[in-house]
Amino acid sequence: VQPCALPISTTFTENLLGVYPLSSPIYWLTGNGLLAYNLPLFLTWPLAGTSMFLLVWLLTRRHDAAFLAGLAFAFTPYRGVALAHMQTVATFGVPLALAGLHGYLESGRRRWLVLFALAWAQTGLANGYYILYGGLAFSWWLLYFCSTQDRFRRVAPVLVAWFVGSIPIFPILWHYRSVHNALGLHRSLFEILYFSASPGSWFEVGDSVWFWRHVLPNGKDNMFPGLTAIVVALAGVLLALQRASVADRDMASAN
């Protein structure tokens, strides 16, 4: 068993290929492995904020809303909890993929599909969890935004781009599956349920978060999104309710 352990050892963790475009040039230029890790790790913060800024700006055409969204996404407390796992904080591909989808839905230009395919490939190659999370998110996006008759024709090009972006991921997943099956590595239903988040996880925070660790408990999942995200979400709901009430009053007075 021992001689074959080295070739398959990377199948026991993430392959991190989605982070290579950031780390490899640094290593090639400097030969410094520590710098090639730490600098890309730092860059995941501005990249996450910028990608979310682009997504929200496409949706709202407001720089203030986009800035707040980027700030909330890049500096959410649960990113601090995942600091030891670069693949978990390399989340910038998810907003970029959604930006590509919305950009294509709005303009019909194929360059947005290229962005979606590249972002999806980066996401899947960086973190296997995001293949599941992203797959669910993008599937729900298609069902919601492309369910009308005038938008349904956009589904086929999106699926083609999604498939093309998945081509680099398929062989890696197949190799993971082959090795894990050969070694009998499977998760039981009990393990799946244990490692799943609960509603209370949204009110837990890790010890690495300086302020909120004194207010909220440290738990297994630590998914507290931060005060900025909560305030922005509540403000958006209140504003939507206020506009709906004003519209109802205007309609009633017109009648």
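## Helices H2 and H3

Helix H2 crosses H3 in a right-handed sense (a crossing is right-handed if the near helix is turned clockwise from the far one by less than a right angle, and left-handed if anticlockwise). In this predicted model, local features need pLDDT of at least 70 and side-chain atom pairs count only at pLDDT 80 or more, whereas totals for chains, interfaces and linings use all residues. Residues are numbered from 1 along each chain as its sequence is written, and side-chain values use heavy atoms, with hydrogens and water left out.

H2 spans residues 20-30, and its axis lies 8 Å from that of H3, at an angle of about 145 degrees (axes are lines fitted to C-alpha atoms, for helices over the stretch in contact, and angles run from 0 to 180 degrees between N-to-C directions). On the H2 side the contact (heavy atoms within 4.5 Å) is made by Leu22, Ser23, Ile26, Tyr27 and Thr30; on the H3 side, by Gly33, Leu35, Ala36, Leu39, Pro40 and Leu47. These comprise eight nonpolar, three polar and no charged residues (Ala, Val, Leu, Ile, Met, Phe, Trp, Tyr, Cys and Pro count as nonpolar, Asp, Glu, Lys and Arg as charged, and the others, Gly among them, as polar).

## Overall layout

The chain has 13 helices and zero strands (DSSP runs numbered from the N terminus, with H or I of at least four residues for helices and E of at least two for strands). Along the principal axes, its C-alpha atoms fill a box of roughly 80 × 50 × 45 Å.

## Helices H3 and H4

H3 covers residues 33-60 and H4 residues 63-74; their axes come within 7 Å and cross at roughly 145 degrees. This crossing is also right-handed. From H3, the residues Trp45, Ala48, Gly49, Met52, Phe53, Val56, Trp57 and Thr60 meet His63, Ala65, Ala66, Phe67, Ala69, Gly70, Phe73 and Ala74 of H4. By class, 12 are nonpolar, four are polar and none is charged.

## Helices H9 and H10

The axes of H9 (residues 128-145) and H10 (residues 155-166) come within 11 Å, with a crossing angle of roughly 165 degrees. The two helices are therefore roughly antiparallel (angles over 145 degrees; under 35 is roughly parallel, 65 to 115 roughly perpendicular and the rest oblique). Their crossing is right-handed. Gly135, Phe138, Ser139 and Leu142 of H9 contact Val158, Leu159 and Trp162 of H10. Five of these residues are nonpolar, two polar and none charged.

## Second largest pocket

The second largest pocket holds about 430 Å³ of space (a pocket is an open set of points on a 1 Å grid over the protein atoms alone, where a 1.4 Å probe fits, with protein on both sides within 12 Å along at least five of seven lines; lining residues have an atom within 4 Å of a point). Its lining has 13 residues, of which Thr60, Ala65, Val232, Ala235 and Gly236 are closest to the centre.

H3, H4 and H13 (227-254) each supply at least two lining residues. H13 gives the largest share, six residues. The lining is made up of eight nonpolar, two polar and three charged residues.

Conventions
Grid points are joined across faces, edges and corners, and a volume is the space filled by probe spheres set on the points.
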